[in-house]
Number of protein chains: 2
Amino acid sequence: MTKGNLLFAQSGGPTAVINASACGVIRTALAHADIDRVLCARYGIDGVLKQDFVDASQLDTEQIDLLINSPASAFGSCRTKLPTLDDTAVYSNIRDIFEQNNIRYFVYNGGNDSMDTINKIARYFDSCNYQCACVGVPKTVDNDLAVTDHCPGYGSSAKFIATTMHEIALDTAVYARGRVTIVEAMGRDTGWLVGAAALATAHGAGPDLIYLPETTFDIEDFAQQCKKIMTDKGRCLVAVAEGIKDSNGQFIATVAHNTNDTFAHTQLGGVCYYLAEYLTTQHNIHSRAIELSLPQRCASHIASKVDTHEAYLVGATAVQRAVQGITNAMVVIVRTSNSPYTVELDTVCIDQVANAIRYVPEHFIDTVNHCMTAQYIEYALPLIQGETTLAYHNGLPRYSRIMAGKQQ
Amino acid sequence: MTKGNLLFAQSGGPTAVINASACGVIRTALAHADIDRVLCARYGIDGVLKQDFVDASQLDTEQIDLLINSPASAFGSCRTKLPTLDDTAVYSNIRDIFEQNNIRYFVYNGGNDSMDTINKIARYFDSCNYQCACVGVPKTVDNDLAVTDHCPGYGSSAKFIATTMHEIALDTAVYARGRVTIVEAMGRDTGWLVGAAALATAHGAGPDLIYLPETTFDIEDFAQQCKKIMTDKGRCLVAVAEGIKDSNGQFIATVAHNTNDTFAHTQLGGVCYYLAEYLTTQHNIHSRAIELSLPQRCASHIASKVDTHEAYLVGATAVQRAVQGITNAMVVIVRTSNSPYTVELDTVCIDQVANAIRYVPEHFIDTVNHCMTAQYIEYALPLIQGETTLAYHNGLPRYSRIMAGKQQ
């Protein structure tokens with residue numbers, strides 16, 4: 001591959017470890033003999049189109065080091081989806097920008113929609129013979145990318161959710177007579193995140209009921225289950241995904257609000273409040289709702305060490321593969337053994353990944369008892385292992401100020 | 001004081017470190033030559049009345065050690081408020097129970113209402129010459145107990161809130177065009193908790209606006225402030241207390257729901273959703289709400305080391321003072337120096353504390369800029385210092401299972 005510059009950008013919703021991948025990309029690229037300059041676009045593909053670039057060699061080394069344990073997307077993100085390939089104006093513009101900046105390696109870090117972006121750019125470059133290796137770095141707390149065993153970001157969110165469920169379970173057990181507590185995790189299409197609540201069960205403090213988008217949610221059956229557990233235990237802890245659906249495939253949350261975001265997905269969140277209200281008003285069951293909200297994707301202070309390490313490696317590997325000339329590819333994690341847990345990194349053609357959704361498989365869900373199976377626990381447990389060592393300053397974690405610095 | 005047994009119980013809402021106090025009480029009492037047996041009542045004063053006691057000498061030593069870093073109230077809690085002293089039946093019953101069990105030391109751990117309970121019991125015992133030293137151990141995330149410089153529990157909640165605000169501030173800054181994010185902290189009457197959000201400001205990632213119950217909340221002025229910041233910065237981060245009130249002293253939250261809890265306080269929580277909805281519908285400002293909810297009082301995984309240490313000491317001191325014959329008293333923390341931060345423990349007559357509320361003083365609040373003053377930061381910063389060392393098992397913190405064990 002021609003010697004040239006590498007362009008890196010972050011896209012989609014942040015994770016607790018997306019910046020660990022950025023650190024892996026930047027350090028590896030800065031050190032690589034075949035790469036001249038390392039440019040980081042601000043705000044994802046939007047910044048690429050505006051040529052809003054940060055030269056990584058100008059960044060403070062300590063701030064790059066801090067990226068490993070810092071939440072959010074240090075270089076900013078976007079939710080822009082590129083048009084279809086027959087709308088050539090955008091792609092020809094991107095090609096011009098790349099050529100002008102001698103960009104021969106493009107590493108893009110994101111989820112489903114970001115992989116679609118790389119896929120389109122790589123295919124366009126191929127069609128017009130512009131030589132540039134385009135490699136995707138997977139990230140998503142949702143864990144719904146195809147092919148890869150799991151996604152960087154998931155393990156840390158799972159650790160946060162399981163830890164928080166554990167703490168909430170203990171907290172809500174303090175009164176002799178409890179209530180129904182409904183905790184809502186993210187997850188529009190898949191139940192990977194809400195499933196992680198089950199990891200607290202081994203500590204004697206997990207949810208009594210777990211509901212995923214993969215299975216039909218029957219609100220009356222749900223109420224009966226809660227009633228039964230209230231009678232048996234005097235309290236009931238429920239974990240629901242924001243994307244639970246009724247038998248018609250309609251989001252339960254759409255009853256409450258029905259707006260659309262950029263991708264014409266239905267905007268969700270807050271279904272726990274609806275369910276608590278339903279139990280209270282329709283069944284006279286004292287209930288409370290807790291939406292875990294943004295902290296489940298940005299709580300770097302309780303990130304998984306395994307996840308952080310893998311996120312870094314996936315970023316580093318993307319650079320190495322791009323320099324080898326691999327293009328239209330995404331780095332994937334292959335689990336080679338579960339005990340001891342070992343993984344290898346590989347790349348797959350991004351056609352296999354773009355716009356595909358990996359659902360929680362049936363054998364991970366116990367639909368009779370509304371909980372996760374032992375096979376799920378076996379799958380997820382290695383991903384939440386280990387704690388990271390954060391630098392603290394004045395009682396709070398020190399996070400990279402690359403983004404904050406630029407804003408000032 | 002006559003040699004006899006010590007009775008300990010926990011009351012009110014839990015904190016991240018209430019069990020550290022329990023550990024201080026139990027270890028000190030078990031080791032004390034003047035104390036025969038150490039009884040822990042389950043579910044606070046309710047368990048006292050039912051003689052539902054756990055003998056601390058029967059508890060597993062490792063489980064007692066784990067209490068130091070465990071959330072929730074290990075022995076259960078209650079929200080029972082005792083009647084006035086002229087309703088003598090209850091008090092005479094309590095006296096009988098105490099006499100029957102030879103209880104000569106009573107240590108009760110709680111907030112305002114719990115101090116009222118001790119106050120009444122101590123006064124009754126005094127009136128009928130029953131010899132028993134009654135000492136209160138303060139705890140409340142609300143930090144609103146009088147006399148003491150601060151309350152065990154507050155520092156850890158403040159550390160959680162500041163850390164989470166820091167992470168949310170970074171997460172919500174990732175898109176080029178942001179929105180208003182409204183984060184709600186607990187605090188019905190006082191703004192100590194929401195004020196802690198300001199501790200993230202020194203890290204370049206604090207809230208733009210903070211609203212406390214101590215100052216009048218004008219929703220139109222609030223909307224204008226948000227609008228201005230959106231124009232200037234493209235995003236706006238707000239921290240509000242659940243108990244913000246309008247110029248008539250009415251809770252803003254009562255607009256949304258108006259139910260009463262046991263103490264005839266107005267049940268609050270969720271005002272952030274109302275404000276986000278208001279900005280969106282009345283001012284067309286894209287807004288989102290995040291209610292920090294229970295994790296702010298049970299996130300022991302990010303507890304403050306200073307707070308945990310002080311909670312333990314306050315528990316230990318209560319036992320020592322009770323044995324010295326001090327009664328109708330609460331242990332207080334006296335700050336002897338701020339730099340270096342040093343404290344001494346003392347006791348005060350509980351008459352000074354019971355049913356009093358300590359508000360955030362005026363010089364801690366910058367009402368013009370809707371933020372906290374440097375004096376507040378100076379006050380609060382020492383309380384969030386240091387991190388605790390948790391034992392982890394299978395990727396999650398190991399917490400004491402004393403309570404969970406009893407339930408099975």
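Buried area is the accessible area (1.4 Å probe) that two parts lose on being put together, summed over both. Keep that in mind as you select chains A and B of this predicted model: they bury about 5,100 Å² between them, 59% of it on carbon and sulfur atoms.

Some housekeeping: local features need pLDDT of at least 70 and side-chain atom pairs pLDDT 80 or more, while totals for chains, interfaces and linings use all residues. Residues count from 1 along each chain as its sequence is written, chains are lettered from A and ligands numbered from 1 in the order written, and side-chain values use heavy atoms, with hydrogens and water left out.

Next, pick out the contact (heavy atoms within 4.5 Å): 59 residues come from chain A and 60 residues from chain B. On the chain A side, highlight A:Glu167, A:Tyr175 and A:Leu396, which lose the most area to chain B, together 13% of what that side buries.

Now zoom in on B:Asp171 and A:Arg297. They form a salt bridge (Lys or Arg side-chain nitrogen within 4 Å of an Asp or Glu carboxyl oxygen), with the closest N and O atoms 2.7 Å apart. The count between the two chains is 2 salt bridges.

A:Cys23 and A:Val25 are among them. To see what covers those buried residues, show helix H3 (61-66) and helix H11 (305-323) of chain A, both included in the cover.

Note on methods
Buried < 20%, exposed > 50% of the residue type's maximum accessible area, 1.4 Å probe, protein only. Helix = DSSP H or I, 4+ residues; strand = E, 2+ residues; numbered from the N terminus.
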